[in-house]
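Subject: Structure handover

Hello,

Here is the structure for your files. My notes on one helix and on the aromatic side chains follow it.

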Amino acid sequence: MTTTGTTVPGTRAEPALPYAHVDDHFIDGAYVRSTGEQRNDVVDPTTEQVWASVPNATAEDLDRAVTAADRAFAGWAGLSPAERAAVLLRAADEIEARREPMALTNTRENGSPISETLGAAANAAGIFRYFASLAPWLEREDVRPFPNGAGQTRVYRDPVGVCALIAPWNFPINLVVAKLAPALLAGCTVVIKPASPTPLSVRFVVDALAAAGVPAGVVNLVTGNGRMGDQLVRHPLVRKVAFTGSTPVGRKIAAACGEQLKPVTLELGGKSSAIVLPDADLEHMSSVLIRSCLRNTGQTCYISTRILAPESRYEEVVEMVGRTIAAAEQGDPLRETTVFGPMANRGQYDIVLGYLDTARREGARVVTGGGPAEGTGFFVRPTVLADVTPDMTVAREEIFGPVITVLKYRDVDEAVDLANNTPFGLGGIVFSADEEHALQVARRMNTGSAGLNFFASNHAAPFGGRGDSGLGVEFGVEGLSAYLSPQSVHRRVS
């Protein structure tokens, strides 16, 4: 039984899934048994039960994967962009054919509501199809005359080589594909390392690519802990790293890549703000609030978990936000009506509860939620905190859970200052009945992306952060360029 604002998911009928206790990695076109005996358990955050396990890759496993990718590089890079794009298009169809088991596996790994994970296949397929559409951009001739007219330069775009793709646990499918699709179109080969709590759902992507005809060694998958990820980053045959995850880990990866002069793309944490201008339509804001500000039970990097409300409408905004969050169903994420699931793991559950304790001590007012839900599972009640001031911990640090803070501002200048008083710069929203005014305010926000009256990402537009939110971008031709190394060939003209 599940009721609004309550979680009681202790028992349920468990779906049969093709992957559970596996002993292998995907290396050089086949699943091969790990050379080690150490394993990592996979815990269902709804039931707190171990339901699967995977091998922890050894140094030998890792070297086999990287070597296979290096060996396959010349052949894959030697294909035309159109030929590589054809593989991506077939892979998109294959991923959509795996929609349901992939979604069920994802939900059991990290507790994301099934309404969220059922969309992962279509979104991943869309990413593959978008990057496949950029093949003509790669193929076009790029000749640039010298400014003095004495010569011309032909610019070539070469793939960088073997790429290490390291994914997080909150969106284990699409945050891999956002790296994988441009890398493959560019002509790179890859070794994928999923987050240790979510090692299984990405296997469906690998299977889809194999079915689509990707050559052996082009795509490799190894599972393991953070130490193995560090070994992958430092492997001498890895030429580029792409990572999505926490800012502290991102700093370590950036330092390792800096030592080796190895290019890196980092998509890290966020502490984004939604500025509510005085003329905002609060009913419209209510309709997009959860998707824009607490998507995936608050376990999304770009969401605007800080609501900045005008002094003149502060209590009105607090009431609307509290009412909207309290009305959304929390419970078993396999139920299609569930909006809020559990925290993805015990560690994140403890972190979020710690932030709520700190918020009370520092003087925040709990409007709704505020603690753990009853019953089994890593469930934190969706929480709205009012009377939050900029110096409070919950106003400054990324919580990564179902917690919204509401801060007060006097005028638009103060609202912009509040939005920018964080080292992060990833997302943001401006709510206003006047979109032109909203655009002017959004342009003053020091953030990589911003939305007007909603937030969403666009596969054709760059997505990346400023400050502590990362380096480089994903998506768009800019994201594809991250996997390319330009070469300029000059010649004189008579």
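Helix α11 (residues 282–293) spans only 14 Å between its end C-alpha atoms, whereas a straight helix of 12 residues would span 16 Å at 1.5 Å a residue. Please keep in mind that this is a predicted model. The buried residues of α11 are Leu282, Met285, Ser286, Val288, Leu289, Ile290, Ser292 and Cys293. They pack against the strands β12 (273–276), β13 (306–310), β16 (403–409) and β18 (429–431), and against helix α12 (314–327).

On the aromatic side, the structure holds six pairs. In one of them, Phe26 and Tyr31 have ring centres 5.0 Å apart and planes at 70°, so this pair is edge-to-face. Phe26 counts as buried at 7% relative accessibility, while Tyr31, at 28%, counts as partly exposed.

Trp169 and Phe400 are also edge-to-face, because their ring centres are 5.6 Å apart and their planes stand at 80°. Trp169 lies in the loop between β7 (162–166) and α7 (174–186), and Phe400 in the loop between α14 (393–396) and β16, so the pair ties together parts that are 231 residues apart in sequence. Trp169 is buried at 17% relative accessibility, and Phe400 is buried with a relative accessible area of 17%.

Tyr302, Phe455 and Phe463 form one aromatic cluster.

Two charged side chains also sit over rings: Arg157 lies over the face of Trp137, at 4.3 Å from the ring centre, and the charged end of Lys240 is over the ring of Tyr483, 5.1 Å from its centre.

Regards

Definitions and conventions
Residues are numbered from 1 along each chain as its sequence is written. Side-chain values use heavy atoms; hydrogens and water are left out. Helices (H or I, at least four residues) and strands (E, at least two) are DSSP runs, numbered from the N terminus. The expected span of a helix is 1.5 Å times one less than its number of residues. Buried means under 20% relative accessible area, exposed over 50%, partly exposed in between (1.4 Å probe, protein chains only). Contact means heavy atoms within 4.5 Å. Rings of Phe, Tyr and Trp (its six-membered ring) pair if their centres lie within 6.5 Å; planes under 30 degrees apart count as stacked, over 60 as edge-to-face and the rest as tilted. A charge sits over a ring if NZ of Lys or CZ of Arg is within 6 Å of the ring centre and within 35 degrees of the ring normal.
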